[in-house]
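Take a moment to look over the sequence and the 3D view. Then read on for a short tour.

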Amino acid sequence: VILWPANQGTRFLIPLIPFYLYYCLLGVRGVQMAFAARQRAIVVASGLAVALVYVAKYSTLRLGPMTDGVATAESVALFEFVKTSTAPSDVFIFSKPRALALFTGRRSSAPSMQEESCSLWRYIQQIGATYVITGPAVRDNASAGYLEQFVSRFPQALQRVMGNDEVVVYRIVGDPCRGSGLGLVA
């Protein structure tokens, strides 16, 4: 976990949970042995403390409808547009490719994020992508930010065909990196 250079969130901590629980149980066992006479009172006090922490945490959570995700009006509009206005053979570059594929039946891929300007264009040509979708702007979504920058760098090669507050769909109409072999065509 320490040597992995990418930010992968809490999923890399999951293998450590059994060790964490084991050491917690060892601690409880040590406390139990030290306070054997007052064992019942300690168990009740610990249980009350845990219950109070849970109640305090859940009392601050927002329990209303979700404000983001696939059920928002913007996402539903995107999925409907893709299903009704594009061909079943079209391929999409999107930061959430599995959701797009699930709700639309279209093939999609996450962007190939590399430093070199034309690497995504080569990837687009390789997979035969016909559309790029930018957004949604959510925290910890590097792909969405990368696609926003990509679209702003190559506006002449992309035609906006649909957009709302969350996402914008662009049709790929050119490849500015094709032809010179030296990067961008002047």
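## About the model

This is a predicted model: local features need pLDDT of at least 70, side-chain atom pairs count only at pLDDT 80 or more, and totals for chains, interfaces and linings use all residues. Numbering starts from 1 along each chain as its sequence is written, and side-chain values use heavy atoms, leaving out hydrogens and water.

## Aromatic pairs

Searching the whole structure turns up seven aromatic pairs (rings of Phe, Tyr and Trp, the last by its six-membered ring, with centres within 6.5 Å; planes under 30 degrees apart are stacked, over 60 edge-to-face, the rest tilted). One of them is F92 with Y131, stacked at 5.0 Å centre to centre and 15° between the planes. F92 sits in strand β1 (residues 91-93) and Y131 in strand β3 (residues 131-134), so the pair ties together parts 39 residues apart in sequence (strands are DSSP E runs of at least two residues, numbered from the N terminus). F92 is buried at 0% relative accessibility, and Y131 is buried at 5% (buried is under 20% relative accessible area, exposed over 50%, partly exposed in between, with a 1.4 Å probe and protein chains only).

F150 and F154 make a tilted pair, 5.2 Å centre to centre with 55° between the planes. Together with W121, F150 and F154 form one aromatic cluster.

## A loop residue

Now for N164, in the loop between β4 (158-163) and β5 (168-172). N164 is partly exposed, at 23% relative accessible area. Its C-alpha atom is 9.5 Å from that of A73, 91 residues away along the chain.

Note on methods
Helices (H or I, at least four residues) and strands (E, at least two) are DSSP runs, numbered from the N terminus.
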